[in-house]
Amino acid sequence: MTPSAGVPPDYRGVWTRAGHAAADPAQSAPWARWLQTSRWHAHLRVPPDALQQREARALDGLSPAQLAALTHQQAHVGCAQVQAHPEGELCTWLRQADYQPPALAPDAAWVVFLAPDRLMRIGVHAEETELWQRLPDSVGRFRCLAGLDAQGQDDGRRVLVAGAYAMRARLRVTAWPRGMRPGLTLAEAMMHRPDQALHWLDQELSFGRCEQGRWTVERSTLPAREGQTHHCQMLQDADDPALAWVELDGRAERWRVLEWSDT
């Protein structure tokens with residue numbers, strides 16, 4: 001069965017975790033956002049222990065306990081695809097960049113729409129059933145842009161836009177070592193290589209509102225980013241629609257257009 005080129009239109013938008021189908025009342029829910037365009041996705045999940053005593057400081061200014069809490073965050077960016085089966089729709093999120101080490105199984109779930117703006121995700125490789133609600137102002141425009149290095153090659157940076165929201169991703173400074181055993185958590189990996197802790201934590205996925213040329217970061221894998229406001233402008237190149245000028249963090253650069261839609 002051949003997967004579709006991306007996801008159906010009703011998947012697009014920013015989704016917030018609305019609960020767990022078998023939630024434990026004593027267990028606090030994580031802060032979570034999932035941004036989905038027609039093909040690309042970005043997902044950020046910050047558990048309660050990573051939110052406690054959180055300070056907007058650089059990594060080298062955080063305590064060992066604060067750094068340890070960050071290892072429980074989850075963030076990934078990549079492509080998504082949907083397969084239609086007689087029993088329902090199977091969505092797979094193919095991760096091109098992941099805050100956690102390589103997993104043993106792909107990220108896949110059966111998706112059931114309970115209402116136009118409410119869906120259920122039933123894990124395939126994990127016994128997890130979650131409810132998600134779409135934010136009402138996360139439709140109308142969808143974009144995904146790829147950052148370029150000095151040679152014009154993809155450098156792994158991404159900016160995704162859905163309606164009034166944007167997410168920015170940057171790869172970690174130090175890549176995982178070759179031959180790393182799949183299935184480790186970030187906390188376990190850092191126990192083996194504590195000297196790499198700050199390097200492995202230095203990967204960004206930031207989420208916030210992007211309106212009237214301003215992007216305000218609500219939540220990020222890097223606590224120092226939270227609360228920051230940046231001028232943000234994206235203009236598609238009139239001569240080459242495959243490129244766009246992106247102004248962010250006070251710099252204007254050419255990025256490659258992976259997706260650009262105003263509907």
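## Strands β9 and β17

Phe142 stands opposite Ser261 in β17. Strand β9 (residues 142–148) and strand β17 (residues 251–261) are antiparallel and share five bridges. Strands here are DSSP runs (E, at least two residues), numbered from the N terminus, and two strands pair if DSSP finds at least two bridges between them.

## Basis of the model

This is a predicted model, in which local features need pLDDT of at least 70 and side-chain atom pairs count only at pLDDT 80 or more, while totals for chains, interfaces and linings use all residues. Residues are numbered from 1 along each chain as its sequence is written, and side-chain values use heavy atoms, with hydrogens and water left out.

## The sheet

β9 and β17 belong to an open sheet of nine strands with antiparallel pairing, in the order β14-β13-β12-β11-β10-β9-β17-β16-β15. At its edges lie β14 and β15 (233–236), each of which pairs on one side only. On average, neighbouring strands of this sheet are turned by 30° against each other, direction ignored. Angles run from 0 to 180 degrees between N-to-C directions, with axes as lines fitted to C-alpha atoms.

Strand β12 (residues 204–211) runs antiparallel to strand β13 (residues 214–220), and six bridges join them. Within this pairing, Ser206 stands opposite Ser220 in β13. The hairpin of β12 and β13 has two residues between the strands, and Gln212 takes a positive phi near 50° there.

β13 also pairs with strand β14 (residues 229–231), in the antiparallel sense and over three bridges. The bridge partner of Arg214 in β14 is His231.

Conventions:
Helix = DSSP H or I, 4+ residues; strand = E, 2+ residues; numbered from the N terminus.
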